[in-house]
Amino acid sequence: MTEATQLPRPTPGLQNALPFWMSLVFVPLIAAGAVWGGWVIALIPFYGWFVMSILDRLVGLDEANMSLETGEDDLFWYRLITLLWLPIQLILLFGALMTVSWTDHLSLREEMFLMITVGVVTGTVGINYAHELIHQKNRLEQRLGEWLLISVLYGHFRSEHLIVHHRYVATPRDPVTARYNESFYRFFPRVLWGQLISAWRAEVDRLARKDLPWHHRSNPFWRYGAGQGMMLVLAALIGGWAGIGFFALQAFIAVAQLELVNYVEHYGLTRRHLGDGKYEHVKPHHSWNAAQKMTNRLLINLQRHSDHHYKPDRRFPLLQTYGDAEAPQLPYGYPLMTAMALNPLWWRRTMNPRVRKWRADHYPDIKDWSAYAKATNPMPG
């Protein structure tokens with residue numbers, strides 16, 4: 001598999017990094033929604049889904065790749081937004097929680113809608129930035145990413161994603177890979193439970209290899225649990241049981257956003273089974289790629305997911321995009337694709353033909369995919 005085609009891109013720097021700071025638009029939108037309520041709150045999802053999808057259509061694709069020789073120092077302005085997001089998110093999250101708990105200018109419906117839209121942001125931006133941070137070798141970045149996940153009560157995602165998902169993506173052993181014809185409504189409860197179990201088992205197995213018990217202090221589940229407990233205690237101090245409920249609501253929406261994206265990223269794609277529980281190496285064609293320019297700016301190149309799984313240690317500005325011959329292409333950016341995933345009929349009409357073509361292109365020798373799935377699945381059901 002060759003690297004993606006290198007096309008000219010301007011020299012890295014603040015001016016070129018600023019488009020990747022588009023997430024900051026959410027800050028005044030949430031503040032305005034908290035102050036004025038009503039239709040103003042709707043501007044938050046309107047910007048994230050509709051405005052970005054329209055801009056994708058108008059601006060088109062970005063098929064340029066930053067040089068892989070770009071040095072770490074040249075990426076400072078790109079990285080900075082991910083480093084700053086944890087305090088920004090905590091201010092937005094607990095500021096909104098104090099608004100719904102300590103003021104009475106919003107109706108209960110408006111309060112719930114505000115926390116739902118906060119969850120859209122903590123999921124779309126917060127978990128996405130956490131995903132970038134937990135992949136880094138720098139301990140500070142890892143901890144910032146972990147706390148972003150803790151703030152949506154999903155700390156175990158770090159363990160599952162790094163230890164399980166990247167190893168077993170596009171195989172039956174990965175709970176996060178959506179199966180062909182599986183609707184999001186079947187995928188979501190399966191992945192909520194499956195990720196938690198697989199993350200726990202992965203950490204217990206890691207400790208066992210060091211001859212340590214599951215309850216050893218190095219088990220990160222202690223950090224996840226303590227951090228999430230602190231978040232809920234703070235929510236309770238701010239708003240009592242209602243505060244806990246509002247906090248949990250935004251966390252649920254954030255996690256739903258994450259899993260919608262997970263559903264889209266690998267739907268129906270499968271790595272060849274080599275026997276004895278082994279699979280072929282991960283390549284760009286084992287994840288869906290999307291080259292829509294504006295949503296890639298908002299989502300810090302998350303849609304270049306084919307390259308992320310091919311080379312997980314690359315920072316987001318260096319992620320490469322691929323053409324049709326090297327990676328399967330989504331027809332739209334993530335905002336529209338995740339909305340489509342909520343309608344199983346629309347989703348299957350759009351994506352199933354693409355999966356079938358992908359299978360014919362990359363694995364023409366496999367004629368009966370149902371039989372192949374049963375024969376190679378070590379974890380039936």
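**Notes on the predicted model**

1. Leaving out residues up to four places away in sequence, T171 touches T177, R271 and Y279, where contact means heavy atoms within 4.5 Å. This is a predicted model, in which local features need pLDDT of at least 70 and side-chain atom pairs count only at pLDDT 80 or more, while totals for chains, interfaces and linings use all residues. Residues are numbered from 1 along each chain as its sequence is written, and side-chain values use heavy atoms, with hydrogens and water left out.

2. T171 is found in the loop between α7 and α8, the helices being DSSP runs of H or I with at least four residues, numbered from the N terminus. With a relative accessible area of 4%, T171 is buried; here buried means under 20% relative accessible area, exposed means over 50%, and partly exposed lies in between, for a 1.4 Å probe and protein chains only. From T171 to Y185 the separation is 14 residues in sequence and 20 Å in space, taken from C-alpha to C-alpha.

3. N181 also belongs to the loop between α7 and α8 (184-209), and its relative accessibility of 38% makes it partly exposed. Its phi is near 75 degrees, which is a positive value in a residue other than glycine. Most residues other than glycine have a negative phi. A positive phi of about 65 degrees is found for N301 too, again not a glycine; N301 sits in the loop between α10 (293-298) and α11, and at 0% relative accessibility it counts as buried.

4. Which residues touch the most other members of the largest nonpolar core? They are L97, Y263, Y267, L330 and W347, out of 88 residues in that core, and helix α9 (residues 221-266) gives the most to it, with 14 residues. A nonpolar core is a set of buried Ala, Val, Leu, Ile, Met, Phe, Trp, Tyr and Cys residues joined through side-chain atoms within 4.5 Å. In soluble globular proteins, nonpolar side chains tend to be buried together.

5. The contacts of Y267 deserve a separate entry. Not counting residues up to four places away in sequence, Y267 touches A178, R179, Y180, N181, E182, W288, W347, R348, M351, N352 and V355. That list includes N181, the residue with a phi near 75 degrees, and W347, which is named beside Y267 among the core members that touch the most others.

6. The count of salt bridges comes to 14, under the rule that a side-chain nitrogen of Lys or Arg lies within 4 Å of a carboxyl oxygen of Asp or Glu. R79 takes part in a salt bridge with E141, the closest N and O atoms being 3.6 Å apart. This pair links distant parts of the chain, since R79 lies in helix α4 (residues 76-102) and E141 in helix α6 (residues 139-150), 62 residues apart. Both R79 and E141 are buried.

7. R79 also meets E72 in a salt bridge, at 3.9 Å from N to O. The relative accessibility of E72 is 40%, so that residue counts as partly exposed, whereas R79, at 17%, counts as buried. Through shared partners, salt bridges join E72, R79, E141 and R315 into one network.

8. A further salt bridge pairs R158 with E146, with 3.6 Å between the closest N and O atoms. R158 lies in helix α7 (residues 157-168) and E146 in helix α6, so the pair ties together parts that are 12 residues apart in sequence. R158 is buried at 15% relative accessibility, and E146 is buried at 1%.

9. Is H308 buried or exposed? H308 is buried, with a relative accessible area of 4%, and it is found in helix α11 (residues 305-310). The side chains of H308 and H131 are joined by a polar contact of 2.9 Å, a term for a pair of N or O atoms within 3.5 Å, where within protein one must be able to donate a hydrogen and the other to accept it, and residues adjacent in sequence count only if both atoms are side-chain atoms. Leaving aside neighbours within four places in sequence, H308 is in contact with H131, H135, H161, H166 and L319.

Definitions and conventions. Helices (H or I, at least four residues) and strands (E, at least two) are DSSP runs, numbered from the N terminus.
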